[in-house]
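The sequence and the structure come first.

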Amino acid sequence: MREALDALYGSLPLAVVLADDDYRVFYANPAFFTLTECTQDDLRLMEFRDVLSMYCLGLCGDISELLESSGGWRDIEKPVAMSDGGLAWVRVRTDLTPLPSGGVAHRLMVDNITRYKVAIEGLVNRKNLYQSIVETRPDLICCFLPDWSLTYANTAASRYFDMDRESILGQHFLLLLPSEVRELFGQAVDTITADNPIAELELRVDGDEEGRPLWQRWIIQGFFYRTGHIKDFQATGLDITDQKVTESQFMHADRLVSLGTLVSEVAHEISNPNNFIMLNAPLVLDLWNAVSPRLRELADKEPGAALGGIPVEDVTAHVPQLLGGIIEGSRRIRDFVRELKNFARQDIESGFEMLSVNDVVQTAVLLMSKTIGMHTSRFSVRYGAGLPPVRGRRHRLEQIVVNLVQNACHALRSPEQGIEIATTHDEESGSVRISVIDQGVGIPPQDIPRVTDPYYSTKREQGGTGLGLSISLSIAREHGGRLIIESEPGEGTTATIALPAAMQ
């Protein structure tokens, strides 16, 4: 019978132990001695219940009940010592089996499931690691089936869609997205194939509470069966708003560089004909002064005499004013073009120098004269007398004044509201100050701490970028100074740049 049993169980990878009706062990295959530290001599001293206890003691319940039961595998959650000193996780089964020689025997089968156990634990660990990573990420991570039903959404996605983790599962993912982007998202998913399993798209969605537009980049990956059929999708949404703003800044900066070059070229083209005007207009005025006495004599001798259809009396009265206006206008063009060329020049061309804040303000006012005239009929400048100089970069400081004046203009509700610029010396702090005072709408108290934050603007509808005060603050700090904002809603705003006076 031994040979018959070896033929049945000898080559099996499962450990097999057989016992008679009195639970005496009479057979064990080779796999049993591999899977346990038990030897042939040990086995001769053991009964069937002793063998069971090697695997099940305290884990399989009452061994007597196990002996009486038949069939069914039991996974044993404990490691078993093997003959090679290693540990194995097993599952066991007891039943009654017929013998080749007739009769039946109690049978114990033991399966080594260590490999599967380790694989399952590895999968669980990887799943836990994956979840620990995606749950802490700020990106939106969602998994959905081909019918768009959600099977997973991380914390960030649940928060974004304003749903709890339980209720979001099973939702139609596409319908959770803003309506204006659903079509584009659906088209991107339709492009995913087994050969091209990843799709990317950038979407602009509704603005945040501050009215700032939001940009998202979605990376969608499809997972396929070996047959090539789609299994499910994973979509990762990244907030790229700051990246888009930065790109916009770079493009804007590039345009400004180009604009600076263009301004310099245009200023040069304007300067040439204006030089002719400035050169010839005084000559014409001198010529007029030489001939005007003769014209007055003609007017006295011939009342009603005219030149070009204009009475001589009017010609002699108005031509000097017209020529004076031409000369004055050409001088203003010359001054404006010179300051415009200086302002457009690269900052790197100018280092720190001793400056008069009054000169800085005067240049900025000249540059902003058109804008000021469009917004207010009440504009004034009070230049402080005897102000100490400051050390700074002229064009950077001019930029602060231009920014503050521009903000003041946008704050006015009507041309009757005024703007005043004042330069003063605060001897106590040793600072020279430039204050831009407007009678506009003012700033709410809760917004004052934020107005110098980049991209924060209360004038989005007027084209405000939220960078003016941020840049001004940066320039002020670059010069060792401060930017002070004081405001009352409905009463107006005072923006002051305080710069340290230069040592004499």
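Helix H13 (residues 357–367) packs against helix H15 (residues 394–411) at an angle of about 60°, and their axes are 9 Å apart. H13 and H15 are therefore oblique to each other, oblique being what remains when angles under 35 degrees count as roughly parallel, over 145 as roughly antiparallel and 65 to 115 as roughly perpendicular. The crossing of H13 and H15 is right-handed. On the H13 side the contact (heavy atoms within 4.5 Å) is made by Asp359, Val360, Thr363 and Ala364, and on the H15 side by Arg394, Leu397, Glu398, Val401 and Val402. By class, the contact of H13 with H15 has five nonpolar, one polar and three charged residues.

The model is predicted: local features need pLDDT of at least 70 and side-chain atom pairs count only at pLDDT 80 or more, while totals for chains, interfaces and linings use all residues. Residues are numbered from 1 along each chain as its sequence is written, and side-chain values use heavy atoms, with hydrogens and water left out.

H15 also packs with helix H16 (residues 468–478). The angle of about 150° makes H15 roughly antiparallel to H16, and H15 passes H16 in a left-handed crossing. H15 contributes Arg396, Gln399, Ile400, Asn403, Leu404 and Asn407 to this contact, and H16 contributes Gly468, Leu469, Ile471, Ser472, Ile475, Ala476 and Glu478.

| Helix pair | Angle | Axis distance |
|---|---|---|
| H13 and H15 | about 60° | 9 Å |
| H15 and H16 | about 150° | 9 Å |

The second largest pocket holds about 250 Å³ of space. A pocket is an open set of points on a 1 Å grid where a 1.4 Å probe fits, with protein on both sides within 12 Å along at least five of seven lines; lining residues have an atom within 4 Å of a point. The lining of the second largest pocket has 12 residues, and Pro138, Leu140, Tyr160, Gln216 and Asp239 lie nearest its centre. Helix H7 (155–160), strand E9 (214–224) and strand E10 (230–239) each supply at least two residues of this lining.

How values were computed. Points joined across faces, edges and corners; volume = space filled by probe spheres on them. Helix = DSSP H or I, 4+ residues; strand = E, 2+ residues; numbered from the N terminus. Axes fitted to C-alpha atoms, helices over the stretch in contact; angles between N-to-C directions. Left-handed = near helix turned anticlockwise from the far one by under 90°. Nonpolar A, V, L, I, M, F, W, Y, C, P; charged D, E, K, R; others polar.
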